Amino acid sequence: MQKSRFMLLTIGPAAIFLFFLLFAVLWSFYISFTDFSLVGRAARDPQFVGFKNYIKLFNDPTFYNSIKISFIFTIVSAFIGQAVLGLLLAIFLKQVNATTKVIVIVAVTLCWIMPDMVAVYVWGAFTSRSGLLNTILNWLKLSAVNWLGEMPLQTVTIANIWRGTAFSMMLFSSAIETIPPHYYEAAVVDGATSWQKFKSITLPLISPSILMDLILITMWTFGYFTLIYGLTGGGPGHLTEVFPVLIYNQAFSHYEIGYGAALSFIMMIIVGCLCGIYFILLRKAERMVY
Amino acid sequence: MNFRSIPIYLFLIIIFLFSFLPVIWLFLASVDSAATQTTKVPEYLTLINFDKAFSGRSLNWIANSIIIAVITSTLVLVICTLAAYSFSRLNFFGKNFILFGVLLLRIIPISVFILPVYIFFSKVGLVNTLTSVIISLTILGLPFPLLLMKGFYDSIPIVFEEAAWLDGCSRIKTIFKVLLPQCGPGLAVVWFMTFMTTWGEFQIPLVLLRKMDMMPLSVGIFTAYGEHGVVNFGLLSSLSILYAIPPVIMYVFIQKYMVKGMVGYVKG
């Protein structure tokens, strides 16, 4: 009795907040079966429309477009960009002198630690017509490019690599530090090259960290709204309309809350599947190492 | 430096330039009274932009950001300090299930919850209030500190509390008198981390706050940047620098825990 009263006292506040979230999610699940809208008749008196939103969704080319854009953005900027660059940085920074190391780490980390909106603002100016990027191109006698107009997806992808590499770098650095140095010493005695040391010692031993990194950065990148919305708003056209931006645009630019709610649930399912796959892989990787 | 390390240094120089070049403009523009998007050294240095940042609507945004971030992080800290105790010290039905749920909640992108939260607050009539933003950010900010605090508690042996109980100390008192003093930096880490995420949050306030004078810095800078007509780049740059200072300072204090915390407790 004593125990349950105590639990109520401690967990109670947290439970109220978390139940609120659950409640809100269930409510919006219901909303996704209505034509609830921000304007017009449907705002005052939303009607139950069954699976209409979901049927519309699966016939909507912008939906498939967003899935495609989201996956391209996530795979290129998180997998190829942040993870690979982060791993290279973590390995190379071990081999240089302390000053260089500190300077590079500070510069890379600063990009990650500044608020989202500052990153948007900085990149907006950097890639603008009269921005530094075009100034540099002019120095090199190349013609200026309207970055966010002509190659928007490439630009936001690179901006996201710039923004997020620090996390992977730090995660991999701390993973590499835990590898006992005598492993490498033994390998050197056996005459191993740098590549062999990396392939046979470093890579297998940090594989759980790599997977963990991939889980976190894919989820973050897949759900990353601010950078893309701030730089392009999903445009021009639908060229950079990743999933979170699509949800926002449908709900708050086209005022179709019901349809936006349906999109949210599809996104929840996609994210859930990705999480599931990753956790299974993680279990396997950990069993292999330990 | 031997011959083989040249490619490594070359790579690091490129990464350094890639990281640093976009930011140069921000610093130069912030001390230029006639700043444009072009990167150039201002003719004369001035602090007038910083002065302007502390007046008018930008002062409002600064105040809103501080209110939202301070209240949210304090709420999260109090709630987590209590809840983490039960998750760490007691066994009850469904504990692991709930912990796994909290864990998932931490990984799922915020965009998934944005509409549920908006629909709820628009029905209750709390849209355009700081309260709605604080409540939503508290909820979305809970999972991670909860797991972090549980980790801190788990690392403290239970014998200290048992000794306190024998001396007649109640359970709730042991949290404050025995556990928390031993958590040391833990409380600061939780508070700072929540502050940093809340401070930078953009999507929730964007959706919930539509009035200019209610906005925090993130939405304010975005709105001012997208305004038609002449954008005051000098003012916005100085405001952005001011906006970036708190998270950078806090990061210096808690960097040791940052990555460890973000990763360690995913394993559950």
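## Contact between the chains

In this predicted model, the contact between the two chains draws 68 residues from chain A and 65 residues from chain B. On the side of chain B that touches chain A, helix α1 (residues 6–30) of chain B supplies the largest share, with 15 residues.

The side of chain B that touches chain A consists, by class, of 51 nonpolar, 13 polar and 1 charged residues.

## Fold of chain B

Chain B contains 13 helices and 0 strands. The C-alpha trace of chain B spans about 75 × 65 × 35 Å along its principal axes.

Chain B has 268 residues, and 45% of them count as buried. When contacts in chain B between residues at least 6 apart in sequence are considered, 75% join residues at least 24 apart.

## Nonpolar core

The largest nonpolar core has 148 residues. The members that touch the most other members are Val122(A) and Ile228(A) in chain A, with Cys80(B), Leu142(B) and Leu146(B) in chain B. In soluble globular proteins, nonpolar side chains tend to be buried together.

Which residues does Ile228(A) contact, leaving aside its neighbours within four places in sequence? They are Val156(A), Thr240(A), Val242(A) and Val245(A).

## Residues with positive phi

Most residues other than glycine have a negative phi. Tyr255(A) is not a glycine, yet has a positive phi of about 60°. Tyr255(A) lies in the loop of chain A between α14 (243–253) and α15 (257–289). Is Tyr255(A) buried, exposed or partly exposed? Tyr255(A) has 16 other C-beta atoms within 10 Å. A residue counts as buried at 20 or more and as exposed at 12 or fewer, so Tyr255(A) is partly exposed.

In chain B, Asn128(B) also has a positive phi, near 70°, and is a residue other than glycine. Asn128(B) is placed in the loop between α5 (111–124) and α6 (130–141) of chain B. With 15 other C-beta atoms within 10 Å, Asn128(B) is partly exposed.

Notes:
Residues numbered from 1 in each chain as written. Chains lettered and ligands numbered in written order. Predicted model: local features only at pLDDT ≥ 70, side-chain atom pairs only at ≥ 80, totals over all residues. Core = buried A, V, L, I, M, F, W, Y, C linked by C-beta atoms within 7 Å. Contact = placed C-beta atoms within 7 Å. Helix = DSSP H or I, 4+ residues; strand = E, 2+ residues; numbered from the N terminus. Nonpolar A, V, L, I, M, F, W, Y, C, P; charged D, E, K, R; others polar.
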